[in-house]
Amino acid sequence: MADRIDDDGEAVAAISNTPQRKSQPLRPTGGASGGAKRTSKTRNHSLDEERIVSMSHHHRNDSADDDFFPRSGGDSSGSGSYPPRYDHSLSLPSSNSTNAIEEPLPEFTASGGVGIFKPPSRAAVHPNRPAALELRPHPLRETQIGRFLKTIGCTETQLWAGQESGVRFWNFRDAYDPGIGIGGRARRGDEHAAPFYESASTPLTLCLIVDEGSRLVLTGHKDGKIRSWKMDQESSEEALPFREGLSWTAHKAPVLSMAISSYGDLWSGSENGVIKIWPWESMEKSLSLSPEEKHMAALLVERASIDLKSQVTVNGVCSISSSDVKVMLSDHARGKMWCATSMSFSLDARTRDLIKVFNIDGHIENRVEMPMPQDQVVEDEIKVKFVSKKEKPQGFLQRSRNALMGAADAVRRVATRGTGAFNEDSKKTEAMVLTADGTIWSGCSNGLLVQWDGNGNRLQDFNHHPVSILCFCTHGSRLWVGYATGVVQLLDLDGNLIAGWVAHSSPVIKMAVGGGYVFSLATHGGIRGWRITSPGPIDSILRTELASRELLYMRRESFKILVGTWNVGQGKPPPDALRSWLGSAVSDVGIVVVGLQEVEMGAGFLAMSAAKETVGLEGSAIGNHWQDAIGKALDEGPIFERVGSRQLAGLLIAIWVRKNLRMHVGDLDVAAVACGLGRTIGNKGGVGLRLRVHDRILSFVNCHLAAHLEAVNRRNADFDHIFRTMVFSRQSNNLNVAAAGASATNQVAKAANPPKENSDEGRPELSEADMVVFCGDFNYRLFGISYDEARDLVSQRSFDWLREKDQLRAEMKAGRVFQGMREAVIRFPPTYKFERHKPGLGGYDSGEKKRIPAWCDRVIYRDCRTGPGMSECDLDCPIIGSVLLYEACMDVTDSDHKPVRCKLSVHTARVDRSVRRKEFGDIMKTNEQVKGLLQEYSNIPETAVSTDSITLQNQETCSLRISNKSQKDKAAFRIICQGQSIVSDGGEPSELRPRGSFGFPTWLEVTPSCGIIRPEQAMEVTVRHTESHVSGDIGDGIPQNWWSEDTRDREVVLVVQVRCTSSMQTRSHQIHVRYCYSAKACRVESRTNSSRRGNPNGSQHRRVDNSDMVDRG
């Protein structure tokens, strides 16, 4: 099929050269046969049926591309000077047209398909981002109800995820394995994910942290409980689903955030600024109890809690904000804990004393935050002024304006009060992270990145992407930032942007490092892994190799779409007409999309609709009635399922999917753009639906553009406004009012600042769809022709001449509207304007205005083709469409418009994500170049530690020196405490007992405990004995430090982990630190500081020999 057809005569001249026939005179058809409604599945236009039959028998039985009849003769007589070229049978489908062999119809392609109107670039492997490990491919949203993933975290060997109904984990060794597939153990949505293991059901998981010291994963839940899960769970089928270990009620409200301090204590945050501390000693005691003593263990932990608000309250005054504590961060470098609410504050992790309270600008906040009173309920009466007979009626626009001032503005004020001040929200801290150099980074909801020192002093700020920052991740000398747009950016520790790419199609809500990857979780539940060295040479190799294996993981699918459009003129749904229009054409269709215009009109209704849109409410009873009637015509229930809809005033779009295709369809989003009266009233505008079909994005838009013959430029502007500003979101019945109001605000912001055509910041959302279909009452008329001339050409069925007078065709050819889109060549009579319930072509408007017939009702589409010669879909051109049927239902007389239907054949190419992940793993394991680069990246800088043993007495301070001997590589180090032992009278230490997250005992202070050492430089680390008794040592009668009164000597093993910034491997140096309680000196034999590879963690209660080790993570 030709990519573009500029002349309809040329397009169909090659089809047939059948001799000419005389035209049929236009006459009204009356009588019972002409006016009766047809209920059969087949239909005929309301013309002279005898003439139709005779003409049909004269032709041979062929495809839908019927004959074109040229006229060779002089000009026709009459007022017009148009030689009638006939197009008879193209407007008269045979009675079995829906069952005949369907071939693509010739199409006309508009000019100007460049810039934002150009189809999106697609490829087997994304060319503008690193190749990703798709651990869990993007599942359809409908499959995740009750099971959405909320957070992730990494251990040395596993990736854990918290979800709405429990937790799950993946083993890194299985990361490249193919999915279980449909019909396997995995439920729908997880059939292509790497093999994983799921827990028993729990309430919603809100936060998750990893405690390597105690080999636990801790999760905070909506029911206020904290649950623990053992790492390295048994992965056998018999052991599933695995169950929680120790759990206890931490808060009366949901647990929003957690962190483990540098001393091993667990901190948790909840609503209203509540922060509790769970000392490690009580948790260790509880963990040692048997499963039969589960209740006693939980009670022991609960009684040992410390309420931090009471800890920092002085004379009834508390300086901690009463806002929800959604972000907590442990500053291991300085032994502090950072919390973020409406204010940020830091606390001493050892003494639990409040150090500083400050706002996002770094200004110290001394005032006490008082609870904000609830907003006073606003009751705005909307007074509707009725027009009496004596008063002069106001015009439609004036009535709409008055109604809006009384309704929309009132509701908008209520919505604004309900959702809060957006200016304040734009400064809200959403995420925090401690980087390897010891600085703190915070991300705000306006995209601001702020760097702080350890004392809460603001160092510098950056804004590389002006949207909300949702998460951070750091490894070595790099900082990863996740945004609400799905973008991931990579920065160095000076704040310079290294790289950035679109990682997901939805917001990135969490990132975690493990197994050599930075894993990112999106709101839709997809998890992708990015090499910690990305972007780099490995990514180039992966892209090339994966592209060369395209045929191994490419799959092709095909289906048909029926698109119907009808301006119903505020009428009621007629069942017979709906069956004739839609029901008779869906026997082989997988998706049905219906766009209606003027479902309901009137100034009061339009104003109320605009008011409801402000708070995210939409739809009407009449709109629902129309959907129910259409559903009956389609056999909704047994055959089709209604997937979703969107209504904006009189505009309505709805979609149905055949049940055998339903499992491949989902992620429905909706949108609306008003174009009437200052771009606020929905009498004109567009409503849209977007969904994924076989992993490809399809968008459908129903439009009602500006009316009147002369308003061509206004119609063009309406389309441009809709195309550029349409923003999709989830249906409002799935959102609360506040969220819907925020969504509406985002749409208004985007409408006010549409992306520029050549901008790299982003394209309109419709531009990113693989296929876009526009339908509706576009209101383009016939120009340069009179009413009588138009009727005469219609009577002769000379539609080729009429097409030359079509405003829309002329504007598309000039590239001023629907740029780059396609429409099948029109071979049916104009669909506007008719007198209601008057059958046949004689029903055209014959009143005083005598509106010129016009093709107002159209269906236009765009697929992935960018030029001619593209006839087969592949991963570079994943969707190719063609029109099989394009006609008007002339027998329907219930409106002044005729309904139009268009059947599209769609061929798609998709990726088998499971197979591609397997190929990804094969390249990583077997490619020699990749293996060589991984070996090169694993080189750890050579470092030296000045001592391997330290002896301390009461409040004594010592120092050690860590030197980086490398001449080119930076060395990132972190000091952890592998455990503490009690020294017996004979001088022998007991077995090591690690604290939570390898934290330090409260009597030991190591500063700084992490940092980055430049080449050939050194770092001085202070090791100091501190007072053992801290505030809050006794809580509810239970000692908070089991050895606080112990007079025996103690010894800890510090491990200096030196990490290469481009790999997960570490080299470890051990340092034995002994605290001697007695006054006499205690000597510890010096040990050789040799190097040997191993694991510094070991089991929980294992004595570690005194030698250097390398952990390959």
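Analyst: In this predicted model, the axes of helix α20 (residues 913-926) and helix α21 (residues 928-937) come within 5 Å and cross at roughly 65°; axes are lines fitted to C-alpha atoms, for helices over the stretch in contact, with angles from 0 to 180 degrees between N-to-C directions. Helices (H or I, at least four residues) and strands (E, at least two) are DSSP runs numbered from the N terminus. I923, M924, K925 and T926 of α20 meet E928, V930, K931 and L934 of α21, where contact means heavy atoms within 4.5 Å. By class, this contact has four nonpolar, one polar and three charged residues, with Ala, Val, Leu, Ile, Met, Phe, Trp, Tyr, Cys and Pro counted as nonpolar, Asp, Glu, Lys and Arg as charged, and the others, Gly among them, as polar.

Residues are numbered from 1 along each chain as its sequence is written. Local features need pLDDT of at least 70, side-chain atom pairs count only at pLDDT 80 or more, totals for chains, interfaces and linings use all residues, and side-chain values use heavy atoms, leaving out hydrogens and water.

Turning to the sheet, six strands form an open arrangement in the order β34-β35-β33-β32-β43-β42, with mixed pairing; two strands pair if DSSP finds at least two bridges between them. Because β34 (640-648) and β42 (879-888) stand at the edges with a single partner strand each, one side of each has no neighbour in the sheet. The twist averages 15° from one strand to the next. Within the sheet, β33 (residues 591-597) and β35 (residues 651-658) pair in the antiparallel sense over six bridges, and I591 stands opposite V657 in β35. Helix α14 (residues 621-633) lies across β32 (554-567), β33, β34 and β35, running at about 30° to β35.
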